Amino acid sequence: MTGDQLRGDRTAPPTNSAYLDYNATAPVRPEAASAVLDTLRVPGNASSPHAAGQRASALVQLGRSQLAELLRCSPNELVITSGATEANNLALRVAAPDGGQLVVSATEHPAVLEAARQIATDQGCDLTIIGVDRDGQLRLDELHAALNSPLPTVVSIMAANNETGVLNDIQEMAELTRAAGGIFHTDATQLVGRLPLDLSTVTIDMLSLSAHKFGGPQGVGALFLRRGLPVAHRPLVRGGGQERGWRAGTLNVAGIAGMGAAAAAAQAQLDIERERTAQLRDRLEALVLAALPDTQINGRSVPRLPGVSSMTFPGAPADAVLSGLPEVAASDGSACSSGALAPSHVLLAMGRTAEEAESTVRFSLGHATTKAEIDFAAEQVVSVVRRVKEAMWVS
Ligand code: PMP
């Protein structure tokens, strides 16, 4: 974080662009960029026995232990992957019991939903999809009912939703699942590095994450697999036996070093960033609501990630709003599904109409967001939404 940001930007100059798409990808933290560059300059395959290989291996160990420290788990419980998509696929593949039950929520990222559908077909599992209420909170009665099943069960519920930021009480869900004899996985991609998490005290069995959401490089992530968990050895990628046989392939030394450095920086600044980001998000919402009082903020009355605001602008389609805002990086629904014409499955599951879902923009803030960016974005959003509404009204 720069000095300006720490001082609350009182002296920072105005800006003419705003990057508010941290849930799609966060800017790389300076500590992570340096770690990647420094590592790229040093040759070495972390599996080679010579000194160069051992230097690479030491960098991998450092990155892995920095990540383990952030999560408060053992470095040996982490399987390094290419990101959360792969981690989610691996988690469900190894845990899904043949002929058992897979339980997921309706608002999961496609990296869980699509993987669950395929794995349920391949392994003959029943797939149970749990609904949410209007605020995006999981229907716990449906989870209880699913856990009553006599089938061996794996539950996968995300820690924080990527479109709305709505948090699930994963500790409670993990405990319920364990009490029923099931295995609990969480896709914590949007939570890691933004809110505290302590795997030494929470009974989560498996957890997925991706470095680029907390200021590390893209293309690297991890699956936490609790030691001794009764899962099947079904790696998605077979080969040289790296990662204790869970994920073969030459280790991405620079990526792992960058992920570790980002984890250490995120951990050191967690409390201050959490506070700052929530204040900036609240400022954005207050400025927009003051000028556009019919704006609906999705999930506003329940616990949310500090840096996310999902805003529905009645009468203003999100594609028209976003194309009028080239210098404000934001997203309609989930960036991972943008390009697809279907309205957001998350907002539909929350009981919104297709029209409401298609008039929703997600703003997501994080470690480097400034007050100047928020003020610029609010002013731009208000004027573009007004313009789009007028145009829709006239046409
Ligand atoms: N899960 C969630 C909740 C996400 O937000 C994302 C990224 N949008 C992913 C999984 C996939 O992460 P990656 O693209 O890094 O594999």
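Me: Which residue in E5 is the bridge partner of Val-103?

Reply: That's Val-155. Keep in mind that this is a predicted model.

Me: What makes strand E3 and strand E5 a pair?

Reply: Two strands pair if there are at least two bridges between them. Four bridges join E3 (residues 101-105) to E5 (residues 153-156), so the pair passes that cut-off. The two strands run parallel.

Me: Where do they sit in the sheet, and in what order do its strands come?

Reply: The order is E2-E8-E7-E6-E5-E3-E4, seven strands in an open sheet with mixed pairing. Going from one strand to the next, the twist averages 15 degrees.

Me: Why are E2 and E4 called edge strands?

Reply: Strand E2 (78-81) and strand E4 (126-130) each pair on one side only.

Me: How do you know that helix H3 packs on that sheet, and which strands does it touch?

Reply: Contact means heavy atoms within 4.5 Å. Helix H3 (residues 51-71) touches E2, strand E7 (206-210) and strand E8 (221-225). The direction of H3 makes about 120 degrees with that of E2.

Me: Why is the link between Glu-243 and Arg-64 called a salt bridge?

Reply: The rule asks for a side-chain nitrogen of Lys or Arg within 4 Å of a carboxyl oxygen of Asp or Glu. Here the N to O distance is 2.7 Å, so the pair qualifies. Arg-64 belongs to helix H3, while Glu-243 is in the loop between E8 and helix H8 (253-291). They are 179 residues apart, so to speak distant parts of the chain. A search of the whole structure finds 16 salt bridges.

Me: What makes the other sheet antiparallel, and which strands are in it?

Reply: Its pairing is antiparallel, and its three strands come in the order E9-E10-E12, forming an open sheet. E9 and strand E10 (residues 308-312) pair in the antiparallel sense over two bridges. The cut-off is at least two bridges, so E9 and E10 count as a pair.

Me: Why do strands E9 and E12 stand at the edges?

Reply: Strand E9 (296-297) and strand E12 (360-364) each have a single partner strand, so one side of each has no neighbour in the sheet. H8 lies across E9, E10 and E12, at about 20 degrees to E10.

Me: What does the largest cavity hold, and what makes it a cavity?

Reply: A cavity is a set of points where a 1.4 Å probe fits but cannot get out. The largest has a volume of about 170 Å³, and the count comes to two cavities of 30 Å³ or more. Its lining has 19 residues, with Arg-194, Thr-277, Leu-365, Gly-366 and His-367 nearest the centre. H8 gives the largest share of that lining, four residues.

Me: How does the lining of the second largest pocket divide?

Reply: It has 12 nonpolar, three polar and three charged residues. The space in this pocket is about 320 Å³. Among its 18 lining residues, Leu-167, Asn-168, Asp-169, Ile-170 and Gln-171 lie nearest the centre. Helix H7 (residues 170-179) supplies the largest share, four residues.

Definitions and conventions: Residues numbered from 1 in each chain as written. Predicted model: local features only at pLDDT ≥ 70, side-chain atom pairs only at ≥ 80, totals over all residues. Heavy atoms only, no water. Axes fitted to C-alpha atoms, helices over the stretch in contact; angles between N-to-C directions. 1 Å grid on protein atoms, 1.4 Å probe; cavity = no way out; pocket = protein on both sides within 12 Å on 5 of 7 lines; lining within 4 Å. Points joined across faces, edges and corners; volume = space filled by probe spheres on them. Nonpolar A, V, L, I, M, F, W, Y, C, P; charged D, E, K, R; others polar.
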